Amino acid sequence: MVRGGVQRVAVVGGGPRGLSAVERLLAVRAAQEVPGTTLEITVYDPFDPGPGRVWRTGQPRLFLMNTPSFYPTVIPSEPGMAKPLAGTSFDAWRAAQRDAIRAGQCGLGPEEQAELSRLDASGFPPRALYGRYLAETWQAILDAAPPGAVVRHVPQEVARVGRTPHGFAVTTASGRAREADAVVLALGHVQARLGRDQRVLAESAARLGLTYLPPAAPADVDWDRLPAGKTVLVRGMGLNFFDVMVQLTEGRGGRFSQRHDGRLAYEPSGQEPRIVAASRRGVPYRGKAELDSYYAPSIGLRWFTRAAALAPRRAGIEPSFDQDLWPLLHRDTLWAYYSTLARVEPESVSEGFLARLDEALAVEGPAWEPLAARVAHDGVAPARRLDLRALGAPLAGWHAQDRSDLDARVLAHLDEDAAGSARGEDDPVKMAIAALHRGRAVLKEAVADGGITEESWVSGLRGWFEGLVEGLASGPPALRIRQMAALMRAGVVGTVGPEPRFSIDRSEPAFTASSPWVGAPEVRSRYLVEALAPANVVAQSDSALLSGLLADGLVRPRFLAGTDGVPRPSTGLDVTAPPYRALDVNGQPVEGLYVLGLQLSAVQWGTAIAAEAHAFAAPGEAHDGAPYPSGQRTLRDADAIARDILGLGA
């Protein structure tokens, strides 16, 4: 809608997704002729647009990205979208900055120049450095804005979005309201209310004088509250755990060095606490394989191709994840593991094994799985047979006599995992994970927007597969695994064990943690850190904006039916098909209110993953040489929203 010659668009959230929304609005605007009208875009975020909160440039330099330099972008490269006005991928920006450094023309600070000088395409950048890329990209986009387009930044949190007779009123925390004809919710990660158990711990800690640090972005935490020399319990061993670990060790003056055997050693500064980590599996996420590309070049998808994954949808059939999609990806995972094993350890398989396995995997219907298992049992050395579920839970079923026994087992696991990462494409386990990793790109496209049954979304994809694949394929740089091993050898880090139980001892105030699988006294500490990302669940959000939108009925959670057939609220908002207009409490589309990014988690899988600069299929696949469409899905969503706002349709 254009009133008085001005179209007003509010973008709520100035991080990467908000940046993409602005970039697409300006690019689409530049591609059309709209004489006599003004496009006025207002971006609301307390932090600088581009980096936003998560990628802000002032955070500790030790916090690393979880993807290598060649991966992320906020600038689309797919055909069919309006040509970008400015900006490049992060890796192209990195290379340009390095050239500028060599020419003595780089305008970045000494610390950033030093980071860039030692960062190559396969290296993992500091998050603050990625924030600098986002900040410079934001400015380049604004500098290239077409005539008749104005972008401004309001450095405040949005407290409420309400309907008006002409559109929306966007009210900030200061109480000031501004008009908008369209609103794009690009909120990113928002704070969540504590769960019941967490509330008990937090309230008890406050009464007893204990220190409880709830789930938060690591850059937001006051780590000085954790004193040197004291035991600190850390719950969660996913990606946030490694930020906690490095901040409390290297961030306090400790030093890692290379040993003669290739492992790392750690020299404490004396300022570290004693870190004791706990998680359901009892071990951290596995480290990434050391590769020069995002996908292992030697691993393709023979069964779980795009054509096979999308065939049910194209035939008008709603498939099940467990029955229709997983069996195809499972075949590829087995083939990736065993074909790599046969290549690097031929002595571990019998003659003709791969040919027999190939025949078994080609069998249609459910009979393939027991047949393939029998072929592996008869043709592979027992210690080298693949147990996919055990990869994600390596301590399952094992009892530790005491804590030293447990930590010795965890340390051996870390050393083995780090060695596998170093072997790259010559490691069978890492290549099984590589098949899962490549399969995710296909799966994201296949399951989006009602691509599978609600029951299998809830019980299969989100119920068991997501946890497995995240623990295997979404892990940290291999460096972090090597560092954790060094810290365990130095006695700085220990573990609790699988399936930990947390409570509070009120008689002698302390947090306690124990594992039913470890025959040892409980761990006691006056300090507990929740190394967990805030839950991305709209109904549990601590955001005044989301709470208000839900209370006003302007948005609603999407309800999905589980195995019992009872619909329950899912993690994300209910929306139309792209361009993702919000649905109100009555299920009616709210014209002019759009959702972009993480709050689409009920209709898209993997919404937290950044857009991919180069997402190419492996040679031999049906999609040979072309990007996986899921790689830049967020950018396509932003483009569709921009086109709809500007009246161009799909």
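## Helix packing, cavities and backbone exceptions

In this predicted model, helix α12 passes helix α15 in a left-handed crossing. The contact draws on D407, V410, L411, L414, D415, D417, A418 and S421 from α12, and on A478, I481, R482, M484, A485, M488 and R489 from α15. Sorted by class, the residues of this contact are nine nonpolar, one polar and five charged. The helices span residues 403-423 for α12 and residues 478-489 for α15, and their axes come within 9 Å and cross at roughly 150°. Because angles over 145 degrees count as roughly antiparallel, α12 is described as roughly antiparallel to α15.

Two further helix pairs can be described in the like manner, since two packed helices are described by the angle between their axes and the distance between the axes.

| Helix pair | Axis distance | Axis angle |
|---|---|---|
| α12 and α15 | within 9 Å | roughly 150° |
| α8 and α10 | within 12 Å | roughly 10° |
| α1 and α17 | 8 Å | about 50° |

Helix α8 covers residues 321-344 and helix α10 covers residues 368-379. With a crossing angle of roughly 10°, α8 and α10 are therefore roughly parallel to each other, and α8 passes α10 in a left-handed crossing. On the α8 side the contact involves P327, H330, R331, L334 and Y338, which meet W368, E369 and A376 of α10. The residues of the contact of α8 with α10 comprise five nonpolar, one polar and two charged.

Helix α1, residues 16-31, packs against α17 with the axes 8 Å apart and at an angle of about 50°, which makes α1 oblique to α17. The crossing of α1 and α17 is right-handed. Here R17, S20, A21, R24, L25 and V28 of α1 meet T634, L635, A638, D639, A642, R643 and I645 of α17, and the contact of α1 with α17 holds seven nonpolar, two polar and four charged residues.

Helix α17 also has a part in the cavities of the model. A search of the whole structure finds six cavities of 30 Å³ or more, and the largest cavity has a volume of about 190 Å³. The elements that give two or more residues to the lining of the largest cavity are α13 (428-447) and α17 (633-645), and the largest share of that lining, four residues, comes from α13. In total 22 residues line the largest cavity, and of these Y71, K444, G606, I609 and S630 lie nearest its centre. By class, the lining of the largest cavity consists of nine nonpolar, eight polar and five charged residues.

Two places in the backbone also deserve mention, given that most residues other than glycine have a negative phi, and most peptide bonds are trans. D449 has a positive phi of about 55° although it is not a glycine, and D449 is placed in the loop between α13 and α14 (454-473). The peptide bond from P578 to P579 is cis, with omega near 20°, and P579 is found in the loop between β19 (567-573) and β20 (581-583).

How values were computed: Residues are numbered from 1 along each chain as its sequence is written. This is a predicted model: local features need pLDDT of at least 70, side-chain atom pairs count only at pLDDT 80 or more; totals for chains, interfaces and linings use all residues. Side-chain values use heavy atoms; hydrogens and water are left out. On a 1 Å grid over the protein atoms alone, a cavity is a set of points where a 1.4 Å probe fits but cannot get out, and a pocket is an open set with protein on both sides within 12 Å along at least five of seven lines; lining residues have an atom within 4 Å of a point. Grid points are joined across faces, edges and corners, and a volume is the space filled by probe spheres set on the points. Ala, Val, Leu, Ile, Met, Phe, Trp, Tyr, Cys and Pro count as nonpolar, Asp, Glu, Lys and Arg as charged, and the others, Gly among them, as polar. Axes are lines fitted to C-alpha atoms, for helices over the stretch in contact, and angles run from 0 to 180 degrees between N-to-C directions. Angles under 35 degrees count as roughly parallel, over 145 as roughly antiparallel, 65 to 115 as roughly perpendicular and the rest as oblique. A crossing is left-handed if the near helix is turned anticlockwise from the far one by less than a right angle, and right-handed if clockwise. Contact means heavy atoms within 4.5 Å.
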